[in-house]
Amino acid sequence: MTRNGIHHVTAIAGSARRNLDFYARTLGLRLVKRTVNFDDPGSYHLYYGDAAGQPGTILTFFPWEHAAPGRAGAGELQETVFRIPEGSVGFWTHRLIEQGIERSQRFGETVLSFRDPDGMRLALAAVPGIEAEPAWAAGDIPAEHAIRGFHSVSLMLEDIAATGAVLSDVFGFAAAASEGGVTRFRAEGTAIGGIVDLRGVGGFLPARLGRGSVHHLAFRAADDAVQAEMVRKLAANHGLRTTEQKDRNYFRSVYFREPGHVLFEIATDDPGFAVDEPDASLGEALKLPDFLEPQRAAIESVLPELA
Ligand code: ZN
């Protein structure tokens, strides 16, 4: 079975508590994992997703309370777009009115764009025929209107050719359409997280990473063998070298800087978020990898209160 598309998006937030309030309450995503940044265990790593936390629905954050704001520019992931049912446009327009929501048409679909409390660019794309997909009902958001995973991401790049070649050759995407300076790449047969839009913006200042910026974009690999083949192709056909594989507990990852300077990751689908706590209570307790468990008391004492 081919499993292509986006695995997760990881961004930088300011306050962890404000981040949780916005994503879990205002947008109604499920907090599927409450852990720490394995490379910086004094800060949280919060994972939001659908009920099961399946790949293609996962938006994660490093909340750094005192992070300076990022600056938009070339060489970054500019916007993260979720799927909503076509009949839910009115519900979300009303709900997000305070976020200064803007409505537009892109590639024939209605899109509502807005920003999160840290200035991160988000959007909801209205997709026909997805009403019956399983959904996580959260608080005052009925399941019928719930977000159904990622629709797409858009990358703003100095030049799109080399990045497009990596998407097509390594990650199973193909250029599908162009509109208003954006080229849309689709992973055939992938409904959730199967679109990457590339916008070429020659001459722009480079982006500066900070609060509200996306840190990296992860693509799916079904398992280690598929990931290893992607790594081989990146080196052989594109001259790109990845890091060694890192065990992230919920997936195993390699990282590389793609030709347009966005940090890409390749993450395995297995083992998923139920590896260290039951499905029913995902995200409720602070979970640490084995190598950090001996430091739990110290870590808990420096993490901010979430609620
Ligand atoms: Zn990642």
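In β11, which residue is the bridge partner of S178?

Mentor: The bridge partner of S178 in β11 is T183. Before the details, some conventions: this is a predicted model, in which local features need pLDDT of at least 70 and side-chain atom pairs count only at pLDDT 80 or more, while totals for chains, interfaces and linings use all residues. Residues are numbered from 1 along each chain as its sequence is written, and side-chain values use heavy atoms, with hydrogens and water left out.

Helices (H or I, at least four residues) and strands (E, at least two) are DSSP runs, numbered from the N terminus. Two strands pair if DSSP finds at least two bridges between them. By that criterion β10 and β11 (residues 182-187) pair: 6 bridges join them, and they run antiparallel.

R186 lies in strand β11. Its relative accessibility is 39%, so R186 counts as partly exposed; the classes are buried under 20% relative accessible area, exposed over 50%, and partly exposed in between, with a 1.4 Å probe and protein chains only. Contact means heavy atoms within 4.5 Å. Leaving aside neighbours within four places in sequence, R186 is in contact with G172, F173, A174, A176, G194 and I195. The C-alpha atoms of R186 and G202 are 23 Å apart, although the two residues are separated by 16 positions along the chain.

β11 belongs to an open sheet of 8 strands with mixed pairing, in the order β6-β7-β8-β5-β9-β12-β11-β10. Its edge strands are β6 (102-106) and β10 (173-179), each of which pairs on one side only. On average, neighbouring strands of this sheet are turned by 25° against each other, direction ignored. Helix α3 (residues 161-169) lies across β9 (150-157), β10, β11 and β12 (195-200), and runs at about 165° to β12. For such angles, axes are lines fitted to C-alpha atoms, for helices over the stretch in contact, and the angle runs from 0 to 180 degrees between N-to-C directions.

β7 is mostly covered, with 6 of its 7 residues buried. On to β8 (residues 121-127), β7 again has 5 bridges and an antiparallel partner; R121 in β8 is the bridge partner of R115. That hairpin has 5 residues between the strands, and G119 in the turn has a positive phi of about 90°.

The model also has another open sheet of 8 strands, again with mixed pairing, ordered β2-β3-β4-β1-β13-β16-β15-β14. Here β2 (30-37) and β14 (246-247) are the edge strands, each pairing on one side only. Strands β3 (residues 40-49) and β4 (residues 58-63) run antiparallel with 3 bridges, and Y47 stands opposite T60 in β4. Helix α1 (residues 16-26) lies across β1 (6-13), β2, β3 and β4, at about 10° to β3. Within α1, A16, N19, L20, F22, Y23 and T26 are buried. Just after the helix, G28 takes a positive phi of about 75°.

Not counting residues up to four places away in sequence, Y23 touches G28, L29, Y48, L59, F61, D116, M120 and L122. A nonpolar core is a set of buried Ala, Val, Leu, Ile, Met, Phe, Trp, Tyr and Cys residues joined through side-chain atoms within 4.5 Å. The largest such core has 63 residues, and Y23, L27 and F171 have the most contacts inside it. Apart from it lies another core of 9 residues, among them V32, Y47, Y250 and F273.

Lastly, the metal site. Donors are N, O and S atoms within 2.8 Å of the metal (3.2 Å for Na, K and Ca); water is not among the atoms, so sites may look incomplete. The protein donors of the zinc ion are H8 (NE2), H216 (NE2) and E265 (OE), lying 2.0 Å from it. H8 lies in strand β1 and H216 in strand β13 (residues 214-221), so the pair ties together parts that are 208 residues apart in sequence. H8 is buried at a relative accessible area of 1%, and H216 is buried at 5%.
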